[in-house]
Amino acid sequence: MMTRVLPPKAERHRLFGSVEPIEGTKPKNKEAMTDLQNKPSDYFFPIQQVGISKVKYPVMVESAWAPETQTATAEFRLTTNLGADYKGINMSRLTEQLHAFYQVHLLSPETLRELAAILSREMNQTGAQIEVTFPWFFLKKAPSSQKEGLAHAEVTYRVEFDEASGYKTEISLEAAITTLCPCSKEISEYSAHNQRGFVTMTIRTTDDSETDWKTALVEAAESNASSILYPVLKRPDEKAVTERAYENPRFVEDLARLVAADLYEHDEVREFTIHCRNEESIHQHDAVAKLHYNKD
Ligand SMILES: Nc1nc2c(ncn2[C@@H]2O[C@H](COP(=O)(O)OP(=O)(O)OP(=O)(O)O)[C@@H](O)[C@H]2O)c(=O)[nH]1
């Protein structure tokens with residue numbers, strides 16, 4: 001077969017429309033460039049949150065359950081407030097500070113509180129808000145065979161810093177579980193329909209809380225469900241989870257209330273919202289419940 005010799009790369013680019021850059025009249029060095037964002041004036045309204053979202057960054061996470069340290073791909077939303085006398089924020093400082101954070105810190109509510117205060121200060125504003133979501137993996141052993149595998153839950157940290165009122169910290173976790181319908185068990189000669197349920201717990205904690213809430217929230221969801229999901233199940237395990245579900249039937253309401261009872265007993269949790277969603281196996285629709293409680 002004949003080998004065709006292609007033109008050099010620069011020539012190929014010209015062929016496809018690339019042109020030489022022009023000399024131009026606008027300044028090329030930073031000092032001479034107009035700093036529009038910092039041009040003082042009266043811009044009518046303050047803005048509560050301005051910044052960037054959907055920022056993907058690797059993070060290191062620690063937890064009380066194995067694997068004790070892991071890397072995750074997190075998605076960040078980084079914002080600050082903006083006074084009416086500022087035209088805009090210096091957005092590049094958000095990713096600049098995120099990179100500095102990534103180089104030295106594990107991801108946790110405590111380290112995010114530090115980052116929020118830094119973002120606020122770097123932007124010459126009085127407050128900053130951070131939201132970050134990541135998948136967190138934890139080791140699960142099958143109930144009978146003890147076969148190991150990794151399960152995961154979606155974790156979200158929301159941290160707000162405000163010069164006047166201080167910090168606000170919220171932690172959310174979505175855990176997947178099994179529920180078996182109490183009504184179906186009660187009325188049927190045999191069997192009972194069951195479903196995969198999702199429990200999303202959002203808690204506001206005290207600022208000094210050092211609890212690993214990832215493990216505590218998974219524990220709250222799993223220990224109150226009909227049964228637990230496992231990555232690896234052999235026959236004796238399958239028998240165990242099937243029977244466990246039958247022994248612990250739960251309506252979507254039951255699960256929301258039982259998880260609430262566990263969170264209520266944690267002193268460091270000041271406010272919580274529980275959202276349960278069961279993907280019904282006898283319907284095309286889901287069964288849902290939402291429970292909110294504020295202790296303060
Ligand atoms: N405020 C604002 N900035 C934007 C917007 N869209 C893009 N930008 C960003 O403007 C940034 C460049 O501006 P700055 O961060 O102010 O850059 P700079 O002034 O050289 O940065 P400093 O040296 O920290 O003062 C880029 O990172 C763009 O992403 C927008 O809608 N509003």
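Author: Start with the ligand. Its surroundings are Lys30, Gln37, Ile89, Asn90, Met91, Ser92 and Arg93. Keep in mind that this model is predicted. Sorted by class, that shell holds two nonpolar residues, three polar ones and two charged ones.

Now look at single atoms. A ligand nitrogen sits 2.9 Å from a polar backbone atom of isoleucine 89. Asparagine 90 uses its side chain instead: an N or O atom there is 2.5 Å from a ligand oxygen. Arginine 93 also takes part through its side chain, with an N or O atom 2.6 Å from an oxygen of the ligand. How much of the ligand does the protein bury? Taken alone, the ligand exposes 660 Å², and the protein buries 51% of that.

Leave the ligand and turn to charged pairs. Side chains of opposite charge can pair when their charged atoms come close. A search of the whole structure finds 13 salt bridges. One of them joins the side chains of lysine 140 and glutamate 222, at 3.0 Å from N to O. Lysine 140 belongs to strand β3, while glutamate 222 belongs to helix α5 (residues 213-224), so this pair ties together parts that are 82 residues apart in sequence. Are these two residues buried or exposed? Lysine 140 is buried, and glutamate 222 is buried too.

A second bridge links glutamate 170 with arginine 158, again through side chains, at 3.0 Å from N to O. Here the partners are both in strands. Glutamate 170 is in β5 and arginine 158 is in β4, so the pair ties together parts that are 12 residues apart in sequence. Arginine 158 has a relative accessibility of 28% and counts as partly exposed.

Stay with glutamate 170. Lysine 168 also forms a salt bridge with glutamate 170, and their closest N and O atoms are 3.9 Å apart. Why does that pair count? The cut-off for a salt bridge is 4 Å, so a distance of 3.9 Å qualifies. Lysine 168 lies in strand β5, which covers residues 166-180. Its relative accessible area is 37%, so lysine 168 is partly exposed. Now put the pieces together. Glu131, Arg158, Lys168 and Glu170 are linked in a network of salt bridges.

Lysine 168 also gives a sense of distance. Between lysine 168 and leucine 106 there are 62 residues along the chain, counted as their separation, and 19 Å between the C-alpha atoms. Tyrosine 190 and methionine 33 make another pair to find. They are 157 residues apart in sequence, and their C-alpha atoms are 77 Å apart in space. Tyrosine 190 is in the loop between α4 (182-187) and β6 (194-205). With a relative accessibility of 69%, tyrosine 190 counts as exposed.

Next, the surface. Phe137, Leu139 and Leu150 form a nonpolar patch there, and together they have about 230 Å² of accessible area. Take leucine 150 from that patch. It lies in strand β4, residues 148-162. Leucine 150 has a relative accessible area of 46% and is partly exposed.

Last, the backbone. Most residues other than glycine have a negative phi, and most peptide bonds are trans.

Phenylalanine 44 is exposed, at 67% relative accessible area.

At 44% relative accessibility, glutamine 146 counts as partly exposed.

Methods. Residues numbered from 1 in each chain as written. Predicted model: local features only at pLDDT ≥ 70, side-chain atom pairs only at ≥ 80, totals over all residues. Heavy atoms only, no water. Near = heavy atom within 4 Å. Polar contact = N/O pair within 3.5 Å; in protein donor to acceptor, adjacent residues only side chain to side chain. Areas by Shrake-Rupley, 256 points an atom, 1.4 Å probe, with all protein chains shown as cover. Nonpolar A, V, L, I, M, F, W, Y, C, P; charged D, E, K, R; others polar. Patch = residues over 30% accessible without salt bridge, like charges linked within 9 Å, V, L, I, M, F, W, Y side chains within 5 Å. Helix = DSSP H or I, 4+ residues; strand = E, 2+ residues; numbered from the N terminus. Buried < 20%, exposed > 50% of the residue type's maximum accessible area, 1.4 Å probe, protein only.
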